[in-house]
Amino acid sequence: MKGTEQMLELPVRLTVAVMPFLPTTRRDAEEAHAKGHDVIVHMPMEPVRGNPKWLGPNAILTSLSDGEIRERVEKAIADVPHAVGMNNHMGSRATADERVMRIVLLVCKEKGLFFLDSRTSHRSVVSKVAAELGVPTIRNDVFLDDVYSARHVARQLGVVLEKLEKDEKCVVIGHVGPPGLITSDALKSAIPQLQKKVKFVTLSQLGPDLVRKAAG
């Protein structure tokens, strides 16, 4: 999608969330891994609102049976080479459903994956269920491009710096696709100045202890 190449060429390590079951899935995952980035599964999950076309194939829906959810999660993990974790694409309805997330997180545990809660819903039960199951988890702090404009992305980078003045870490999500070039351009310009104050790390570089602590 638009901005993929530019994101992968940024001079920092990223955690690259790759959507499964697409024509470019394996190529993008292999390229990200070759460049030293973390790769995680960008698992499409049911939203409360939103265009179903945005979900992509084999999404996790609350109407699915336990077995169907497990099968789709297992297939998604198998479809994304080098995956060390998973996060939700959309998913405001699915991440608020304990039955659904218990199955998703149990598969992650079996496969040795951590889970990043994108926090598309304030009703998310990911932290609660992950803590019960002992699954390493962490949650998103800032969306860079929930509004597709350079001004907004620049403002959100300011929010990141403000958070890091108070906290040890800040998990940040940006996208390829419609905002891809906006976000990649903003990061490319900002990284030299940001690196004077902060260190960019992949999620796995946070370490399992810190990730598990975030689950509480």
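## Salt bridges in the model

The structure holds 13 salt bridges, a salt bridge being a side-chain nitrogen of Lys or Arg within 4 Å of a carboxyl oxygen of Asp or Glu. The model is predicted: local features need pLDDT of at least 70 and side-chain atom pairs count only at pLDDT 80 or more, while totals for chains, interfaces and linings use all residues. Residues are numbered from 1 along each chain as its sequence is written, and side-chain values use heavy atoms, with hydrogens and water left out.

Glu 110 and Arg 70 form a salt bridge through their side chains, at 2.9 Å from N to O. This pair links distant parts of the chain, with Glu 110 in helix α4 (residues 98-111) and Arg 70 in helix α3 (residues 66-79), 40 residues apart. Helices (H or I, at least four residues) and strands (E, at least two) are DSSP runs, numbered from the N terminus. Glu 110 is partly exposed at 48% relative accessibility, and Arg 70 is partly exposed at 24%; buried means under 20% relative accessible area, exposed over 50%, and partly exposed in between (1.4 Å probe, protein chains only).

A salt bridge also joins the side chains of Arg 102 and Glu 132 (2.9 Å, N to O). Arg 102 lies in helix α4 and Glu 132 in helix α5 (residues 126-133), so the pair ties together parts 30 residues apart in sequence. Arg 102 has a relative accessibility of 30% and counts as partly exposed; Glu 132, with 46%, is also partly exposed.

The side chains of Lys 163 and Asp 141 meet in a salt bridge of 3.9 Å, N to O. Lys 163 belongs to helix α6, whereas Asp 141 sits in the loop between β5 (137-139) and β6 (142-143), 22 residues apart. Lys 163 is partly exposed at 23% relative accessibility, as is Asp 141 at 33%.

## Helix α7

Helix α7 (residues 180-194) has 15 residues and reaches 20 Å from its first C-alpha to its last, close to the expected 21 Å, which is 1.5 Å times one less than its number of residues. A kink of about 30° lies at Lys 188, shortly before the proline Pro 192; the bend is the angle between axes fitted to the seven residues ending at a residue and the seven starting there.

Buried residues of α7 include Gly 180, Thr 183, Leu 187 and Leu 194. Their cover includes α1 (4-8) and α6 (150-166).

Notes
Contact means heavy atoms within 4.5 Å.
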